[in-house]
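Biologist: Can you walk me through this one? I have the sequence and the model open.
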Amino acid sequence: MKVGTDSILLGSWANPLHAQYILDIGTGSGLLAVMMAQKSADDAQILGIDIDAAAITQARDNGLACPWPQKLDFRCTSVQALGTHQQYELIISNPPYFPPGQTFDPQRQQARHTRELSHQELIESVCQLLSSGGRFAFVLPTTPGLELIDMAKAHGLYVQRQLWVKSREDKMPGRILVEMGYEQALQPEIQQLSIYDLHNTYTDQYKSLCRDYYLNF
């Protein structure tokens, strides 16, 4: 299974324990969905969606190979086309963040570009699918992440938890993990984490967060 640091961080940080219905938007290889299956309640139902048919095929294979296949379902569809009959207590996403114009190989371009799913469309879809007490968790680079927070606030979603992530202790934060909900928190939980220390060794904080998913931690 293809493993990316952003998804490992978000999957380790997100808390699905009180969510029966969970949606992973842009599931890719299914990593986040499988991580949610590992941590969620026995009766949780997790849906991973992606517009890339090859990614969904891989996600289904990965779901069948994990210990919790009964919790997982994967569909090749866009979030815009997903029906609103089901409300979700937790929606997670490692969304695209490159604006149209930058070029990569076709699959990476589809996964990373906002052409197929703009952040405005993402927020509008989340608001249609999120239950009244639900939470929306995402990871993005800092600038588009802060912009997405502002968009979400305009739709009545507020920060509950936030984690600034630095690649190394002496660097500025390059990523932001955010959990939002309809209830406005009096004092959101805001923390900071460094992946590596000054000797390029994983920090204890990072190992503590992600140890359930790294055999060498």
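Modeller: We can go from the whole chain to the sheet, the helices and then single residues.

Modeller: This is a predicted model, where local features need pLDDT of at least 70, side-chain atom pairs count only at pLDDT 80 or more, and totals for chains, interfaces and linings use all residues. Residues are numbered from 1 along each chain as its sequence is written, and side-chain values use heavy atoms, with hydrogens and water left out.

Biologist: How many helices and strands does the chain have?

Modeller: Seven helices and eight strands. Helices (H or I, at least four residues) and strands (E, at least two) are DSSP runs, numbered from the N terminus.

Biologist: What is the radius of gyration?

Modeller: 16 Å, close to the 17 Å that the globule rule gives for 217 residues, so the chain is as compact as a globular protein of that length. The radius is taken over C-alpha atoms, and the rule is 2.2 Å times the number of residues to the power 0.38. Along its principal axes, the C-alpha trace spans about 50 × 40 × 40 Å.

Biologist: What share of the residues is buried?

Modeller: 49% of the 217 residues. Buried means under 20% relative accessible area, exposed over 50%, partly exposed in between (1.4 Å probe, protein chains only).

Biologist: On to the sheet. In what order do the strands lie?

Modeller: β3-β2-β1-β4-β5-β7-β6-β8, in an open sheet with mixed pairing. The edge strands are β3 (72–76) and β8 (189–196), and each pairs on one side only. Two strands pair if DSSP finds at least two bridges between them.

Biologist: How many bridges join β2 to β3?

Modeller: Five, and the two strands run parallel. Strand β2 covers residues 45–50. Glycine 48 stands opposite phenylalanine 74 in β3, and aspartate 50 stands opposite cysteine 76 there.

Biologist: Which helix goes with that pair in a β-α-β unit?

Modeller: Helix α3 (residues 53–65), in a right-handed unit with β2 and β3. Right-handed means that, with the strands pointing away from the viewer, the path from the first strand over the helix to the second runs clockwise.

Biologist: And α2, where does that lie?

Modeller: Across β1 (21–25), β2, β3 and β4, running at about 160 degrees to β3. Axes are lines fitted to C-alpha atoms, for helices over the stretch in contact, and angles run from 0 to 180 degrees between N-to-C directions.

Biologist: Why is α1 described as largely enclosed?

Modeller: Eight of its nine residues are buried, so the rest of the structure largely encloses α1. Among them are Ile8, Leu9, Leu10 and Trp13.

Biologist: Now glutamate 179. Buried or exposed?

Modeller: Buried, because its relative accessibility is 7%. Glutamate 179 is in strand β7 (residues 175–181).

Biologist: What does glutamate 179 contact?

Modeller: Leaving aside neighbours within four places in sequence, its contacts include Trp13, Arg135, Tyr158, Gln160 and Arg161. Contact means heavy atoms within 4.5 Å.

Biologist: Where is glutamine 160 found, then?

Modeller: In strand β6. Not counting residues up to four places away in sequence, glutamine 160 touches Glu179, Met180, Gly181, Glu183, Ala185, Pro188 and Glu189.

Biologist: How far apart are glutamine 160 and cysteine 76 in space?

Modeller: 30 Å, C-alpha to C-alpha, and 84 residues apart in sequence.
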